[in-house]
Structure formats: structure tokens, C-alpha cells
Amino acid sequence: ASAPHSTARIDPAQAERLKRVMVPLIQAADNKQPLNQVKVGIVEDDHINAGSAGEGQYIVTTGLLRKANDQQLAGVLAHEVAHDDLRHVAKQQRVQTGVAIGMVILDQIIPGSGQLAPVAGTLISRAYGRQEEYQADAHGVELLKRAGHSPKVMEETLTWLLQTEGGSEGGFFSTHPATDDRIAALRRNGG
């Protein structure tokens, strides 16, 4: 028996917002990915989370898109783009098999274009070690600065995540450990 799947509808305004926030971060990277090769899977999940599957493939949850303002979205995405830019290698994790997702290819988002084609399947996310999380935070701060954001966005975003999701199971903290320590490291490094 196959798992039931529903069609994940992607709000064109959210797809445009994702593009507006993410494209400058990708263009600020040291190892720039062509936008037609950057894919963002949108997973129906109320938790706030995002992940890098490597090679220009990212996952964001609908919870992140609904709850984050643009600055918080930029902070989370800068961290994930930094993992990809730094070519971090980590063990793969299967993410919620049987969940319907929508896929956004960044150069194909057209405002008002209606429903984007959803895809269903198993997404691969990656789990990183503590050192790689610190590196992604620091490099994420640099990407944010290059894209015209304040260097404080990363620290403020991590603080918001702790306040918003700190006591919940799953979500950001299941895939991004030691958030308190990471905030302290950013403060020590002026980010």
C-alpha cells in the first residue's frame, strides 16, 4: 500500500517572497549556483525548519514561510546557503517520506503564475556536526552582509527560533543542535 499523498499548493506570493529573499544570498555565495539549478522543496509542516540537501537543493517548511518575517527567513536561508557554499559533507537523513511537497526552481518563479507543479517523494536532508553549524552561522553572517543585511540578522534569527520553537519536538532544533552555544559564538565573533 502506498502512502496517501495530497497536493501541496504553493502560494505564488510565498514563492515570489522566497525568490526575493533567497536569490541575493545565492548570488553572494563564493561558489555561485546558476539559479536554474537551485531547487527549493516546500514541505507541509507547521514546524519552523529548513535544510540544505547539497548541490543547490534546499528544503523549507510551510511553518517557516508562515511564521518568519523576511529578515528571519533571510537568516535561516543564509545558514542553509552557507552549508552548501562551504560544501559541507554530512550524513544523509530521509525527511518525512510520503509528504506532499511543492518544488520551486528559483529562476522559474513568475509572480501571479498560479499553482506551481508539486512533486511528491522522499527528500534528503543532511545532519551536520556542531563545528559545521558554527561555520555555517559565521559564513551565513558574511552572506547576509554581502546581500545588504545587518550582520545581526543571524543572531536575531537564532534568538527568535529559540523563543518560537524552543520547547517543541522536531523542527529546527532536531536538525540544528546547540542553538544557545551558536548564539554565544556569534556574539563573540561580532556577528
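Helices (H or I, at least four residues) and strands (E, at least two) are DSSP runs, numbered from the N terminus. On that basis, the secondary structure of this chain comprises seven helices and seven strands. This is a predicted model, in which local features need pLDDT of at least 70 and side-chain atom pairs count only at pLDDT 80 or more, while totals for chains, interfaces and linings use all residues. Residues are numbered from 1 along each chain as its sequence is written, and side-chain values use heavy atoms, with hydrogens and water left out.

**Overall organisation**

- Along the sequence, the elements follow the pattern α-β-β-β-α-α-β-β-β-β-α-α-α-α.
- The chain has 191 residues, of which 48% are buried; buried means under 20% relative accessible area, exposed over 50%, and partly exposed in between (1.4 Å probe, protein chains only).
- A contact is defined by heavy atoms within 4.5 Å. Of the contacts in the chain between residues at least 6 apart in sequence, 70% join residues at least 24 apart.

**The nonpolar core**

- A nonpolar core is a set of buried Ala, Val, Leu, Ile, Met, Phe, Trp, Tyr and Cys residues joined through side-chain atoms within 4.5 Å. The largest one here has 35 residues, and Val60, Leu64 and Leu77 have the most contacts inside it.
- Two or more residues of this core come from each of helix H1 (12-27), strand S1 (39-43), strand S3 (57-61), helix H2 (62-67), helix H3 (70-85), helix H4 (130-146), helix H5 (153-165) and helix H7 (179-188). H3 gives the most, with seven residues.
- Apart from its neighbours within four places in sequence, Val60 is in contact with Leu18, Val40, Gly41, Ile42, Val43, Asn49, Ala50, Leu65 and Leu77.

**Packing of H4 against H5**

- The axes of H4 and H5 are 9 Å apart and the two helices pack at an angle of about 125 degrees. Axes are lines fitted to C-alpha atoms, for helices over the stretch in contact, and angles run from 0 to 180 degrees between N-to-C directions.
- H4 and H5 are therefore oblique to each other, since angles under 35 degrees count as roughly parallel, over 145 as roughly antiparallel, 65 to 115 as roughly perpendicular and the rest as oblique.
- H4 contributes Asp137, Gly140, Val141 and Leu144 to the contact, and H5 contributes Val153, Met154 and Leu158.
- Five residues of this contact are nonpolar, one is polar and one is charged. In this division Ala, Val, Leu, Ile, Met, Phe, Trp, Tyr, Cys and Pro count as nonpolar, Asp, Glu, Lys and Arg as charged, and the others, Gly among them, as polar.

**Salt bridges**

- A salt bridge is a side-chain nitrogen of Lys or Arg within 4 Å of a carboxyl oxygen of Asp or Glu. By this rule there are ten salt bridges.
- One of them joins the side chains of Arg146 and Asp30 (2.8 Å, N to O). This pair links distant parts of the chain, with Arg146 in helix H4 and Asp30 in the loop between H1 and S1, 116 residues apart.
- Lys145 and Glu142 form another, with their closest N and O atoms 3.8 Å apart. Both residues lie in helix H4, three residues apart, or about one turn of the helix.
- Asp30, Glu142, Lys145 and Arg146 are linked in a network of salt bridges.
- Glu155 counts as buried, at 11% relative accessibility.
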